[in-house]
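Please keep the sequence and the structure in view while reading.

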Amino acid sequence: MKNFDIHTIKSLLATPKKIVIIPHRNPDGDAMGSSLGLYHFLLKLKHQVLVISPNEFPEFLDWLPGSENVLTYEKHKEETTKILQEAELLFTLDFNALHRVGEMENVLKDLAATYIMIDHHQKPDDYAAFIYSDTQFGSTCEMVYNFIELLDQTHLLDKTIATCIYTGILTDSGSFRFPKTTGKTHRIVASLIDLGVENTLIPNLLFDNNSYNRLQLLARALQNMKVMFEFSTSYITLSQAELDSFEHIKGDTEGIINYGLTIKGIIFTAIFIENKEEKIIKISFRSQGDFDVNQFARDNFRGGGHINAAGGKSELSLEETIKKFEGLVTQNLKLNETI
């Protein structure tokens, strides 16, 4: 923790305030779960609370309690800007640099409100008055649970809050398979289930509610997979034309990257997704073991994240981006030695 005075935060939350909670752009299960879990908790403390997402969240998360009340900056710029300007407290969840909210950064950087950051990614920027940053946690949702514990308010937890928090822990832990899943993680999950979380239903809502087009897109992605066996590396590409041909919607590519690590001997994988509208190639990286994809993304693709999971982007064409990536894999001595 840095610049994190729980006693001052308790004082700030002791009287009703106008509060806005903000997840990162293209929010995932952890971003939405932590935001909505904190939203329902703060409502119990009698605050006036809203969640404003920089852009739309995936359809497979629209069952989360309170998701119907989330405002989207890109669709309601004037309304959400006014709300942000009137806010007294701003919680930023699951990101630690304002550029992670995209265009919305232009509004956030000029606000007078007090910022509270809760996040588990590396190298946080210093924009918040209170920074709860800890890379030892596997999810921001687990940190939100811990935050409620630090406030001595766990008696306010209920099935609704627990459902949101459970969702983010489940998704960011890779269904409890990733290394940062600890004994405490499981103890928290057990307490959430005791509160009524439907732990057999939620995985189905998240992972098994596929459309026919999404499965066809997955098949194409796997057909596109390339493997560089000599460097223990694989990667997948999806062009805008391929996305369009399967009527791609937000969330359809979620989880595809993980297939690249299921190949025997592969410890580094990536997926490159073309976005013609934004004129970028969106990139995700995953690794096993000690290879640091966070540093790889920061050094080469204007990104970052965790040691074993990170993202980035490229403004080159898809073909040029792949050529750059292959060159980095084959020519970077540090990478070759690590793999």
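## Basis of the description

The model discussed here is predicted.

## The parallel sheet

An open sheet is formed by 6 strands, arranged in the order S3-S2-S1-S4-S5-S6 with parallel pairing. Its edges are strand S3 (71-72) and strand S6 (130-133), each of which pairs on one side only.

Within this sheet, strand S1 (residues 18-23) is joined to strand S4 (residues 89-93) by 5 bridges in the parallel sense. Helix H2 (residues 29-44) lies across S1, S4 and strand S2 (48-53), and runs at about 165° to S1.

On one pairing, S10 is antiparallel to strand S9 (residues 268-275), with 8 bridges between them. Here Ile271 is placed opposite Ser284 of S10. The hairpin made by S9 and S10 has 4 residues between the strands, and in this hairpin Lys279 adopts a positive phi near 60°.

S10 also pairs with strand S12 (residues 309-314), again in an antiparallel arrangement, through 6 bridges. In this pairing, Arg286 faces Ala309 of S12.

## Side chains along a strand

When inspecting the strands, the following general point applies. Side chains in a regular strand alternate between the two faces of the sheet.

How values were computed: Residues numbered from 1 in each chain as written. Predicted model: local features only at pLDDT ≥ 70, side-chain atom pairs only at ≥ 80, totals over all residues. Heavy atoms only, no water. Pairing = 2+ DSSP bridges. Helix = DSSP H or I, 4+ residues; strand = E, 2+ residues; numbered from the N terminus. Contact = heavy atoms within 4.5 Å. Axes fitted to C-alpha atoms, helices over the stretch in contact; angles between N-to-C directions.
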